[in-house]
Amino acid sequence: MIRIFIDSDACPVKDEVYRVAGRYGLHVFVVSNRMIAVPESPLIERVVVDSGPDVADDWIAERASDRDIVITADIPLAARCVEKGAYVLEPKGRLLDSDAIGMALAMRNLMTDLRSAGVMTPGGAAFGKTDRSRFLSVLDTLVVRAQKQQPGRNSG
């Protein structure tokens, strides 16, 4: 059974995930370190983890597996999940697969190094309607792809 994990702190596409998951009958784990509102549904499970750095990430990474879908903007978490065969989708609709994750990690590390050296780095563009539309399209495509794929055969 394909599952969807949402790294839910500051995730702008939770409602879209709920709609797609409901359409396909997929279980969703909404993971955060604080109570957040989730719709009343047997398919949606709120998971509140302890506070602390990477606690929610660790919970997701320990459970996500082949053909699961992880929604996150956290690049290190994405890398851990891709390594386990999960599909990873950023809220703006970018698929982070085995081909893209290396460059995403390198860019994240470069920007972190520049900021720690005092260099002003540009922030990301604001989340908009186009991002939401792209996310929905890619998520729907991923669900169909994951359903067709044989377990143990996720090539990312």
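Leaving aside neighbours within four places in sequence, which residues is Leu-139 in contact with? In this predicted model, Leu-139 is in contact with Val-17, Val-20, Ile-69, Ile-71 and Leu-89, where contact means heavy atoms within 4.5 Å. The model is predicted, with local features requiring pLDDT of at least 70 and side-chain atom pairs pLDDT 80 or more, while totals for chains, interfaces and linings use all residues. Residues are numbered from 1 along each chain as its sequence is written, and side-chain values use heavy atoms, leaving out hydrogens and water.

The chain has 5 helices and 5 strands. These are DSSP runs numbered from the N terminus (helices, H or I, at least four residues; strands, E, at least two). Their pattern along the sequence is β-α-β-β-α-β-α-β-α-α. Of contacts between residues at least 6 apart in sequence, 50% join residues at least 24 apart.

Of the 156 residues in the chain, 40% are buried. Buried means under 20% relative accessible area, exposed over 50%, and partly exposed in between (1.4 Å probe, protein chains only). The accessible surface comes to about 8,400 Å², and carbon and sulfur atoms account for 53% of it. Areas come from the Shrake-Rupley method with a 1.4 Å probe; for residues, only the protein chains shown count as cover.

The largest nonpolar core has 24 residues. Such a core is a set of buried Ala, Val, Leu, Ile, Met, Phe, Trp, Tyr and Cys residues joined through side-chain atoms within 4.5 Å. Ile-4, Ile-6, Val-28, Ile-69, Ile-71 and Leu-139 have the most contacts inside this core. Two or more residues come from each of β1 (3-7), α1 (14-24), β2 (27-32), β4 (69-71), β5 (87-89) and α5 (129-148). The helix α5 gives the most, with 5 residues. A second, separate core holds 21 residues, including Val-31, Val-47, Ile-75 and Ala-86.

Lys-84 is found in the loop between α3 (75-83) and β5. Lys-84 is partly exposed, because its relative accessible area is 35%. Not counting residues up to four places away in sequence, Lys-84 touches Ala-61, Glu-62, Arg-63, Ala-64, Ser-65 and Asp-66. A polar atom of the Lys-84 side chain lies 3.2 Å from the backbone oxygen of Glu-62. The C-alpha atoms of Lys-84 and Arg-67 are separated by 9.2 Å, with the two residues 17 apart along the chain.

The structure holds 0 disulfides (pairs of cysteine sulfur atoms within 2.5 Å). Cys-11 counts as buried, because its relative accessibility is 8%. Cys-81 also counts as buried, at 0%.

Methods:
Polar contact = N/O pair within 3.5 Å; in protein donor to acceptor, adjacent residues only side chain to side chain.
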